[in-house]
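This briefing concerns a predicted model.

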Amino acid sequence: MAGINHIISTEVYYVIMPNWLPGHRFLIYLSGLIEIILGILLLFPKTRKQAALLIILMLGAFIPAHIYMIEKAPFMLGDIQITSFIAWIRLPFQLLFMLWAAYYYKT
């Protein structure tokens, strides 16, 4: 669902893109497409391990955006106000999601 949201609600993601990254629109679409593909690949035993590893790497690549959110808070992300607290809470969730993907890597 997150990947699909990157494609249908692209504009929302501009606010969390660090200024030093080039091609924001392209990167938003690309990350959404990659999320969709990797999510599908998790469904199949033959590709599950590789997909899980790539998800861990992708989530690691998203960490600069989460740090940028912390620096930028408070701000609006679509209809949601991202406070400093919310921005900080999102960062450990990246770790949790990485651990969750690691579980699929081990199985």
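Helix α3 is the element that gives the most to the lining of the largest pocket, contributing ten residues. That pocket has a volume of about 1300 Å³.

**Lining of the largest pocket**
- At least two lining residues come from each of α1 (2-8), α2 (10-13), α3 (24-41), α4 and α5.
- Sorted by class, the lining of the largest pocket comprises 34 nonpolar, seven polar and two charged residues.

**Packing of α4 and α5**
- Helix α4 packs with helix α5 (residues 84-106) at an angle of about 170°, and their axes lie 8 Å apart.
- Because angles over 145 degrees count as roughly antiparallel, α4 and α5 are roughly antiparallel to each other.
- The contact of α4 with α5 is made up of 18 nonpolar, three polar and three charged residues.
- Both α4 and α5 also supply at least two residues each to the lining of the largest pocket.

**The cis peptide bond**
- Ala73 and Pro74 are joined by a cis peptide bond, with omega at about 0°.
- Pro74 belongs to the loop between α4 (45-72) and β1 (75-77).

Note on methods. Residues numbered from 1 in each chain as written. Predicted model: local features only at pLDDT ≥ 70, side-chain atom pairs only at ≥ 80, totals over all residues. Heavy atoms only, no water. Helix = DSSP H or I, 4+ residues; strand = E, 2+ residues; numbered from the N terminus. Axes fitted to C-alpha atoms, helices over the stretch in contact; angles between N-to-C directions. Parallel < 35°, antiparallel > 145°, perpendicular 65-115°, else oblique. Nonpolar A, V, L, I, M, F, W, Y, C, P; charged D, E, K, R; others polar. 1 Å grid on protein atoms, 1.4 Å probe; cavity = no way out; pocket = protein on both sides within 12 Å on 5 of 7 lines; lining within 4 Å. Points joined across faces, edges and corners; volume = space filled by probe spheres on them.
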